[in-house]
Every structure is written in structure tokens, then in C-alpha cells.
Amino acid sequence: MSEEYVIECENLKFFYPGSETAALNGVSFSVRRGEFLSVVGHNGSGKSTLARLLNGLLQADEGTVRVLGTDVGDAKNAVEIRKSVGIVFQNPDNQTVASIVEDDVAFGPENIGVDREEISRRIEWALGAVGMLDYRHATPSRLSGGQKQRIAVAGVLAVKPQILILDESTAMLDPKGRKEVIDVVKRLNEEEGMTVILITHFMEEALLADRTIVMNKGEIALSGTPEEIFESGETLETFNLSLPKITVLCNALRGAGMRIDNVLRPEELAEKIAENFVNRGISGGQSQKFTPKPFESAHEWDVEISDLSFTYSKKSPFAKKALDGIDLKIGEGEFFGVIGHTGSGKSTLVQHLNALIKLPSANKKYRAKKPKNGQPAPVIPRISVGQFDLSDKKCDFKALRASVGMVFQYPEYQLFAETVFQDVAFGLKNFNKNLTPEEIAQAVESSIEIVGLNYEEVKDKSPFDLSGGQKRRVAIAGVIVTKPHILILDEPAAGLDPKGKNEIMELLHKLHREWCKTVIIVSHDMDEVAENCTRACVISEGKVFACGHPADVFKRADELRSLGLDVPMTAKIADGLARRGYIIDSDCTLDDFSEKVIGLFNGEGEGNA
Amino acid sequence: MLNDVTFGQYYPTQSFVHRLDPRIKLLALIAFITLLFCSANFYAMAACAVVLFAAVIAARVPFKSVLRSVKGILFILLFTAVLNLFFHGGETLLCEWWIIKIYLESIIFTVFFVLRLFFLVIASSVLTLTTTPVALTDGIESLLKPLTYIKFPVHELALIMSIALRFIPTLIDETNRIISAQKARGADFESGNIFKRIKAVVPILIPLLISAFRRADELGDAMDARCYSNARHRTKYKKLTLGWRDLVAFFVFASLIAGVVLLNIYAQAICPEIFVYIKIR
């Protein structure tokens with residue numbers, strides 16, 4: 001063995017019990033000390049299985065894994081191996097054992113018999129390394145996803161491993177949390193010389209590594225530096241992966257005759273584009289203007305919200321103001337985006353729209369208070385959805401919920417029935433007790449078909465036997481089965497791989513065209529909103545910060561950043577170009593942006609200097 | 001539905017009682033309850049009341065939240081009090097109506113009974129209001145330590161308690177989410193007869209169970225990855241240490257024990273016969 005390699009895998013094969021197909025089929029690779037390796041692959045490509053083989057949580061059926069020269073296959077070495085290889089898993093909620101941060105970080109060192117003073121030093125070091133030292137005595141359940149995941153990293157670090165594996169540890173986080181975790185890992189690699197294996201399906205994260213391995217169907221499909229991998233272009237898509245958006249843009253611009261190498265950061269790309277302009281003799285200018293269609297209202301199924309405020313656990317020491325004077329209009333036929341980071345109140349807002357959270361005035365016990373002498377009358381929050389007045393206690397809430405469908409985050413976790421058919425029919429039967437079995441079967445069939453599943457194939461299956469993506473589709477079918485006019489989805493693409501994400505967004509557009517009048521998505525992915533929505537609003541600290549066409553919303557890039565929100569990649573590049581004197585006025589989608597840049601490049605801009 | 005559940009009763013301030021060692025508080029509660037049931041006369045009971053009152057003051061928790069715990073048992077308290085009052089029996093008959101006979105002794109017995117339960121509940125709520133569930137777990141683990149010598153799995157028990165505590169808020173969130181999701185699909189949990197309601201819970205319970213098992217699986221992996229094994233050479237980071245406050249509390253309770261014993265023995269000599277409860281039995 002050579003000292004240089006910390007992990008050596010040879011011809012690994014692994015079969016899950018009862019499965020005919022190999023989860024891993026002959027995987028060989030080595031990892032150098034201090035290397036930052038990223039492993040990408042679609043869901044089910046075997047990348048998580050690989051992580052578990054590396055620290056002996058699973059044992060390979062064939063082949064060997066050596067960590068620092070020790071054979072992982074030998075059960076006697078289990079504790080030694082786990083001391084050297086730490087894994088951080090996907091779900092930030094399911095990795096902590098204690099209700100106090102420092103107790104949780106202490107868990108690993110306690111297990112290997114470290115003495116008290118040393119544990120204390122390690123807690124301090126590990127929490128410092130992830131930037132959570134101030135939260136030493138905090139409770140994990142009250143922290144944000146990114147913070148929880150940093151605690152999980154600290155818990156692993158406290159064992160002092162030489163190799164850190166992150167098994168899709170960012171998949172369930174919002175962009176802010178994702179950045180927090182990635183920054184921590186990157187710093188550990190650079191400053192502490194930690195060997196890092198980052199398993200992810202976010203291409204943008206894979207780019208940060210020294211080397212990338214692409215997994216497909218249990219095999220290593222590609223291996224090389226990130227630049228080399230993304231050079232290979234279209235082949236990536238055959239592995240169910242998508243190119244990073246920036247690479248797509250580079251390719252489009254190159255196709256139009258611009259001289260652009262593959263770059264990975266928006267700022268670099270802006271610089272490259274500007275160079276191209278200068279070389280063409282275009283020293284400044286403006287692309288064709290983009291004018292968003294004005295917002296027109298007054299349809300049958302408009303949503304109007306005024307003066308909406310809401311406080312959780314009112315009158316208790318834990319009271320938390322979630323919404324603070326929201327005024328918002330969503331017109332019929334829109335594909336509306338609600339943006340905000342976790343805890344901004346966006347989920348609370350949409351739960352008002354189908355009266356899962358009722359307005360105070362809709363409560364049975366509600367009596368209007370008379371204003372006290374000399375004081376202005378208190379503002380009464382009002383919401384109307386179509387002809388439903390949600391502030392009225394006589395409102396037919398059941399009919400409202402049939403008209404306003406709501407798909408929660410990770411909706412597949414709410415499946416419960418024995419067969420897909422029964423689960424999808426659940427809502428329908430609840431809302432309308434007088435349907436004949438034929439009517440039910442027909443409605444269920446058409447809703448299963450429209451979400452892209454084969455009715456005959458899945459109807460009698462247990463929903464729990466389906467794949468992750470299929471489960472989500474079944475869950476969506478279970479909501480749209482009542483033909484709601486308005487469909488609300490909370491983070492519909494959360495936790496999916498890039499291909500799954502695209503498919504879900506396509507599905508939503510299809511539903512928007514053929515099934516529901518209005519689609520409202522709650523999202524923290526700015527690119528997703530920019531690409532898909534006709535209008536969007538930004539919620540921050542319970543208030544509407546901005547509302548309008550995505551292009552207008554994202555023009556306030558600096559303010560959005562100060563709120564801890566990101567902007568789409570196109571807005572970042574446009575920003576970089578604007579500082580160099582080139583104004584690209586696009587609707588923020590990738591297609592329109594590249595078109596406008598190419599237009600300017602070809603001298604079709606407005607008022608060229 | 002579960003929105004207002006703030007787990008445990010812990011009331012966050014930094015009072016004298018809050019900062020006591022959880023072991024001292026646990027032992028003090030046990031001692032106090034024992035004393036309540038050993039107090040043979042009103043003087044001893046008054047001594048207990050004084051200490052309890054002092055503890056409530058020192059804990060600096062709102063009186064309302066202390067009394068709230070009594071509300072839960074108010075009905076049982078009144079019901080048994082009335083039964084005792086009417087049917088306890090005794091020697092000195094005060095009044096009689098139909099089958100109900102009220103004796104002087106039954107009045108004294110009832111008063112003692114009510115006071116005992118009342119003090120017991122208040123004392124327990126002082127403990128839970130001032131001690132986090134985590135600290136309680138640590139305290140219990142530490143107090144049970146000697147049982148390891150008879151192979152009792154103290155550490156495992158403590159870990160189970162700790163994990164349970166850790167997952168309660170997570171599972172409450174999850175339950176709320178599932179309830180909302182099923183409500184959005186028209187599920188009705190609030191009307192219908194008992195069978196309908198039980199049936200209505202199925203769409204909540206099944207996803208919740210599945211999710212709990214999934215979480216348990218993942219947690220098991222995460223614990224394994226952090227070197228958890230049943231090996232014996234485990235160390236413990238958290239160590240409870242006694243401070244001057246604990247010493248003060250110890251002396252207060254030591255004097256209370258001594259006081260109650262002395263009052264039980266000698267108060268008979270210095271007080272009117274009617275207050276001596278022990279004579280009745």
C-alpha cells in the first residue's frame with residue numbers, strides 16, 4: 001500500500017438482499033490524502049451505497065475496500081474504520097441523539113472512550129470549525145436546517161476522522177443552508193487538510209471538488225476534474241444528470257460564435273462576455289427591452305389577501321410572529337411563485353389560502369371587538385379566493401378545500417392507503433360522498449394518468465413499493481383528483497435529483513395548461529422561479545418585500561442578498577455585465593437571457609454606443 | 001391541533017431553584033412527598049407548607065403556571081374529598097342527613113388529604129417548571145448509576161430517554177404536517193361518532209409510523225457511523241457537580257426532615273387535641 005492513498009477500492013460489487021440487480025457493479029477507485037472528491041449520480045445510481053461501504057455500515061459482496069491500509073471487510077476493524085471515516089447523512093433531523101448541541105457533539109467521543117477534558121476541547125474545536133460555537137447550549141430542534149446539518153458535521157468531526165463523507169447532506173436544505181454546509185466543508189478541506197468525499201446531485205456543488213466521479217447504474221461512468229466532466233456535455237444527460245446551468249449558457253453562447261471557455265462562476269462568465277463585446281468593438285449598450293405583461297385582475301378565481309397577520313402560540317412565552325400585514329393579489333391563470341427562506345412565513349401564508357389556518361374572524365367563537373374610545377378600529381385580515389370569503393365564518397370550508405388543492409413539502413410522506421387507487425381516491429371520497437364507484441374510478445384514472453403514471457400498472461400496487469419520484473406523483477394525483485381551480489405546492493421539487501426536478505416542473509406546467517387554472521409554488525430556488533413563474537413575490541420576516549414579474553423582483557439583487565436570499569444565475573451575470581456598461585434586460589430565464597446577449601453581440605441592441 | 005404543545009413545562013429563568021443540581025431536586029421531591037405522608041399533625045404539615053412556599057418564591061415562576069398543574073387534578077381532588085368527607089366515618093358525629101354522616105374526624109382527614117395532594121402536585125410542578133427534561137434525564141441517569149453493578153442497563157435507558165426527548169418536537173411537527181395535509185384532502189377529524197373518528201386517525205397514524213421507523217433507521221446508521229457500540233469503555237462528558245446552592249438546599253431539607261420528625265413526636269404535648277390527627281387512627 002502507498003501512504004498517499006487513504007481509500008483504495010477494488011472491484012466492489014454489492015447486491016441489496018432480494019434484489020437481482022447490482023447496486024454496485026465493479027467499482028474501483030482511490031482517494032488521495034487531502035483530496036476533495038465529489039461523487040454525482042442520479043437517485044439510485046449507487047452513490048449512497050458506496051458511502052456505506054466505505055465505513056463498513058454495509059459489507060461488499062465482492063471486492064475490497066481499504067481505508068488507511070485497513071481492510072473494511074473485517075468486522076473486527078469496524079470501530080477503527082469508523083474513527084477514520086465520518087459520514088454525515090441526508091436528513092438533518094435524524095442524526096442528533098441529544099437535545100443540547102454540546103451533548104450531541106460529545107456523543108461520538110464518548111463512544112470511543114475519550115476523557116472529559118479532551119471531549120470538551122474537541123467540542124470547542126468541532127463547533128468552531130463549523131461556526132456554531134455560539135450555539136453550544138442551544139436545542140437542535142429550534143435551529144435551521146443548515147445549522148442542524150452543521151451540528152451533524154461537528155458531531156462527526158469530534159471523533160477526529162481523517163476522511164469526511166457527506167452523503168447528500170445538502171439535499172434537504174435551502175440554498176442558504178446548503179451554502180453554509182458547503183463553505184464549512186470546503187474550509188475543512190483547505191485549512192485542516194481533511195480528505196472530503198462529497199456525494200451530491202447538485203452539479204454546482206460538484207464543481208467545487210478537485211476531482212469528480214459520475215456514477216451510473218452502479219458503475220463509475222466518468223471520472224476527472226469537474227471541467228473535464230462538464231466538457232463531456234450531452235453524455236451527462238444520458239446518465240440522468242443535467243449540466244450546470246452555467247455550462248448550458250456557455251454552450252449556447254459559444255454556439256452563437258462567441259469565444260467562451262467553460263467557466264464555472266457567473267462573475268467569470270460576465271467578464272468573458274464583456275471581453276467578447278470589446279473584441280467586437282461594442283463598448284457599451286443595451287439589449288432589446290423586456291416588458292412584462294401588465295398584471296390584469298378581475299377573473300372568477302382571483303385570490304386577494306389584505307392585512308393578513310398571524311402569530312404562532314399567541315400569548316405564550318414562545319409567541320412567534322409569522323405574518324405581518326400581508327397584502328397580495330394572485331390572478332386567475334398565473335403561475336405564481338412565493339419566495340423566501342425557511343422561516344420567512346411563506347408556508348404560513350399559503351396555508352391560509354385553503355383555511356388550514358383559519359382567519360380569526362372565521363372562528364365560531366369570534367365576536368367583533370368594538371374599538372376602544374379614541375383608538376382606530378383594529379384592522380381585520382381578509383382573504384377571498386374566488387367567491388369564497390375566508391373571513392366569514394359561514395364560508396363553506398370543505399368546498400373551498402376542494403377548489404384549492406394543497407401539496408405539502410415531501411408529499412410522499414403522507415401516503416397511507418393500501419393501494420395507489422385508494423390513496424388517490426381518499427380526497428375525492430372525503431369531499432363528495434355521493435359519487436358512484438364508476439365516477440370515482442374515472443376521476444382517479446384521469447388524475448393518475450395526467451401525473452404521468454400508468455393507471456393499470458400502479459392502481460393496485462402499494463404506494464410504498466413505488467420509487468421516490470413515483471410516490472411524489474401519486475401524492476400530487478391525490479390532491480388534484482378533485483380538479484381544484486387553484487393548486488398550491490410547497491417546494492414541489494425538494495430533494496429530487498436534477499432530472500426529477502425538471503420532470504416535476506414539466507408536470508406542473510402540464511397541470512397548469514390542462515387541469516388547474518392557477519398554480520402557486522412556494523420555493524427557495526430562485527432559478528426555478530425565474531424559469532417557471534409568471535409572477536412572484538418575496539416574503540421576508542412576514543412581510544411582502546417585493547411582488548411582480550421575476551425580472552422586476554430580481555432587479556433588486558443587492559437588497560435580496562441582504563435578506564439572505566439569492567438571485568438567479570442570469571441576474572448575477574446581468575449584474576456583472578451592467579457594471580461593465582452592458583445592460584441585458586431579460587425576463588431572467590436562461591433562453592431569453594442568452595438570446596439577448598447574443599442579440600447585443602450581433603449588434604441588435606437598442607441605442608448602441 | 002397540536003400547535004400549542006410546548007414540550008414539557010419548563011419555564012426559562014435563571015432562579016436559585018433552576019440552578020440546583022437535578023439530582024438534589026429529584027431527591028428533595030422524593031423526601032418532600034415522603035414527609036407529606038408522614039406528617040402526623042398540622043404543625044408538621046405547616047412546616048412542609050413553609051418550605052414549599054419558599055421554594056415556589058425562590059423558583060421565580062409565575063404563580064399561575066404553578067396553579068395550572070393543580071387544575072388538572074381538581075376534579076379528582078374534589079370528588080375524593082367529598083367522598084371522604086361523607087363516608088370516612090369517625091367518633092364525633094357533627095351532623096347527619098339520610099345516609100350521610102359527617103364526623104369531626106372525617107373533616108380533619110379530608111383536610112389532610114386535600115392538603116397532601118395539593119402540596120404534592122405543586123412540589124412536582126416546581127420540579128418540572130424549573131428543570132429541563134434533559135437535566136432530569138441526566139439526574140435520573142446519575143441517581144441510577146449504582147444499579148449498573150447489578151447489570152441494569154442504566155446508560156442504555158438514559159440514551160433511550162434522551163433520544164425520545166430529542167424526537168418529541170420533531171414528531172410533533174411531523175404530526176402537524178400530516179394532519180394539515182390530510183385536512184387539505186378533505187379529511188375530517190372533528191365530527192362523527194367515535195368509530196368514524198378512530199377511522200379518521202388512520203391516515204395520520206400510518207404515515208407517522210412509517211416516518212418514525214424511517215427516522216429510527218437513519219438515526220441508527222448515524223449512531224453507528226459515530227462509533228456507537230455496546231462496548232463498555234464509554235466515557236461521559238457531562239458530569240453533574242454540586243454547588244453551594246445544592247448545599248443550601250440540602251440543609252433546608254435536612255432541617256425539614258428533622259423538623260417534621262420532632263413535630264410529629266412533641267407537637268402533641270404543646271397543641272390542642274383537635275389538631276392531632278394521629279390520635280384518630
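Trainee: Which residues of helix 6 of chain B meet helix 7 of chain B?

Mentor: This is a predicted model. In it, helix 6 of chain B uses L171(B), E174(B), T175(B), I178(B), I179(B) and Q182(B). On the helix 7 side of chain B, the partners are P203(B), I204(B), P207(B), L208(B), S211(B) and A212(B).

Trainee: What's the class breakdown of that contact of helix 6 with helix 7 of chain B?

Mentor: It has 8 nonpolar, 3 polar and 1 charged residues.

Trainee: At what angle do the axes of helix 6 and helix 7 of chain B cross?

Mentor: At roughly 140°, and the axes come within 10 Å. Helix 6 of chain B passes helix 7 of chain B in a right-handed crossing.

Trainee: Switching to the contact between the chains. How many residues does each chain put in?

Mentor: Chain A gives 56 residues and chain B gives 46 residues. Helix 6 (154-184) and helix 7 (194-225) of chain B each supply at least two residues of the side of chain B that touches chain A.

Trainee: Which element of chain B has the largest share of that side?

Mentor: Helix 6 of chain B, with 14 residues. By class, the side of chain B that touches chain A has 20 nonpolar, 15 charged and 11 polar residues.

Trainee: And helix 14 of chain A, mostly covered or mostly open?

Mentor: Helix 14 of chain A is mostly covered, with 9 of its 12 residues buried. Among the buried residues of helix 14 are V420(A), F421(A), D423(A), F426(A) and N430(A).

Trainee: What covers the buried residues of helix 14 of chain A?

Mentor: The cover includes helix 15, helix 16 (455-458) and helix 17 (468-480) of chain A. Helix 7 of chain B is also included.

Trainee: What about K433(A), buried or exposed?

Mentor: K433(A) is exposed: the count of other C-beta atoms within 10 Å is 6, and a residue with 12 or fewer counts as exposed. K433(A) is found in the loop between helix 14 (420-431) and helix 15 (437-450) of chain A.

Trainee: How far is K433(A) from Y366(A)?

Mentor: Their C-alpha atoms are separated by 30 Å, and the two residues are 67 residues apart along the chain.

Trainee: Zooming out, how many helices and strands does chain A have?

Mentor: Chain A has 23 helices and 22 strands. The radius of gyration of chain A is 26 Å, close to the 25 Å from the globule rule for 609 residues, so chain A is as compact as a globular protein of that length. The C-alpha atoms fill a box of roughly 80 × 65 × 60 Å along the principal axes.

Trainee: What percentage of the residues of chain A count as buried?

Mentor: Of the 609 residues, 50%. For contacts in chain A between residues at least 6 apart in sequence, 69% join residues at least 24 apart.

Trainee: Back to chain B. At what angle do helix 1 and helix 5 pack?

Mentor: Helix 1 (residues 22-38) and helix 5 (residues 133-144) of chain B pack at about 75°, with axes 8 Å apart.

Note on methods. Residues are numbered from 1 along each chain as its sequence is written. Chains are lettered from A and ligands numbered from 1 in the order in which they are written. This is a predicted model: local features need pLDDT of at least 70, side-chain atom pairs count only at pLDDT 80 or more; totals for chains, interfaces and linings use all residues. Two residues are in contact if their C-beta atoms, placed from the backbone, lie within 7 Å. Helices (H or I, at least four residues) and strands (E, at least two) are DSSP runs, numbered from the N terminus. Ala, Val, Leu, Ile, Met, Phe, Trp, Tyr, Cys and Pro count as nonpolar, Asp, Glu, Lys and Arg as charged, and the others, Gly among them, as polar. Axes are lines fitted to C-alpha atoms, for helices over the stretch in contact, and angles run from 0 to 180 degrees between N-to-C directions. A crossing is left-handed if the near helix is turned anticlockwise from the far one by less than a right angle, and right-handed if clockwise. The radius of gyration is taken over C-alpha atoms; the globule rule is 2.2 Å times the number of residues to the power 0.38. A residue is buried if 20 or more other C-beta atoms lie within 10 Å of its own, exposed if 12 or fewer, and partly exposed in between; C-beta atoms are placed from the backbone.
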